[in-house]
Amino acid sequence: MKKKTLVIATRESPLALWQATWVKTQLEKNHPKLAVTLLGVTTSADQLLSMPLYKVGGKGLFVKELEEALFDGRADIAVHSMKDVPMVLPEGLCIGALSEREDPRDAFVSNHYSSARDLPEKAMVGTSSLRRQSQLLASQPQLETHFLRGNIQTRLSKLDEGQYAAIILAAAGLKRLGLSDRIRSFMTLDEMLPAAGQGVLGIECRVDDQETLERIAPLNDGRTRSCVLAERAMCRHLGGGCHVPIAAYAEWQDDQLRLRGLVANPRGTVLLRAELTGSALAPDTLGVAVAEELVRQGARPLLDAIDA
């Protein structure tokens, strides 16, 4: 007998609730007789806001408690921003569906400056991401960056209080929350290559829950999935998480995938780039090939130095 209810585990930030509610709405459209409810969960990442993630356990802190809700049966699925999902999932869990990608770019947000290029020397830029920090400083070493975490509203409040000249946020989150008017400009992909999976929602569930896998299947976007698989394969091969300035972005070109990858040191004084085009039918192979090209250029000593 089919289950008549489905429970979604979600963090309780405004953006996480928006994302989970969006998934809930899509499921109800596809399964009108299904009762879908949200289970709010406070994660370790929501509690440890005074430290950078790479110092307290990495992005896995965003998902650990949600995955526990899947394992103990309190929830059937968990909804994540894919850029926050570790490259290796716990045994028994899988990403059953990936949404069509929103805007993958990073957004420049400021009350006084139109773009990062307009910032004066030693202007303070807020970001919680080594990836963003390294790419920003690579092009504008005269700037200062400072650790900034919290939900989007908290970060915007600190900007409005004058603690920062500008902050950098994922464009997708601002758009989803109806805050597009706060975006002064978009960082181009050449200026700021995104995190793997940025702009994509991932729906995680138990591998052996075939009924749930079938229910979420209509939410899966095949083209996005190929891109994200390539991006994550690159990062996984390099061993990259939030403690490493690493970026990956794949896009379709005709019937193939173009994957761009980047590895840097935190201050942006060394920045390696690689790019390859390959079969969309073998995204993992493409991801590993780009990772190997970065290794050939010298990525391994950079990654080892950061891990040390």
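Which residues does Leu-294 touch, not counting residues up to four places away in sequence? In this predicted model, Leu-294 touches Met-234, Leu-238, Gly-261, Leu-262, Val-263, Leu-272, Arg-273, Ala-274 and Ala-299.

Leu-294 belongs to the largest nonpolar core, a set of 24 residues. Met-234, Leu-238, Leu-259 and Val-263 join Leu-294 as the residues with the most contacts inside this core. At least two core residues each come from helix 9 (222-238), strand 11 (246-253), strand 12 (256-264), strand 13 (271-279), helix 10 (283-297) and helix 11 (299-307). Helix 9 supplies the largest share, five residues.

The next element is an open sheet of five strands, with mixed pairing and the order 2-1-3-10-4. Strand 2 (35-40) and strand 4 (93-98) are at the edges; each has a single partner strand, so one side of each lacks a neighbour in the sheet. On average, neighbouring strands of the sheet are turned by 30° against each other, direction ignored.

Strand 1 (residues 5-10) and strand 2 run parallel and are joined by six bridges. Within this pair, Ile-8 stands opposite Leu-38 in strand 2.

Two helices that pack on the sheet can be followed in turn. Helix 1 (residues 14-30) touches strand 1, strand 2, strand 3 (77-81) and strand 10 (201-206), and its direction makes about 160° with that of strand 1. Helix 4 (residues 64-71) packs on the sheet with contacts to strand 1, strand 2, strand 3, strand 4 and strand 10. The direction of helix 4 makes about 160° with that of strand 3.

Technical notes:
Residues are numbered from 1 along each chain as its sequence is written. This is a predicted model: local features need pLDDT of at least 70, side-chain atom pairs count only at pLDDT 80 or more; totals for chains, interfaces and linings use all residues. Side-chain values use heavy atoms; hydrogens and water are left out. A nonpolar core is a set of buried Ala, Val, Leu, Ile, Met, Phe, Trp, Tyr and Cys residues joined through side-chain atoms within 4.5 Å. Buried means under 20% relative accessible area, exposed over 50%, partly exposed in between (1.4 Å probe, protein chains only). Helices (H or I, at least four residues) and strands (E, at least two) are DSSP runs, numbered from the N terminus. Contact means heavy atoms within 4.5 Å. Two strands pair if DSSP finds at least two bridges between them. Axes are lines fitted to C-alpha atoms, for helices over the stretch in contact, and angles run from 0 to 180 degrees between N-to-C directions.
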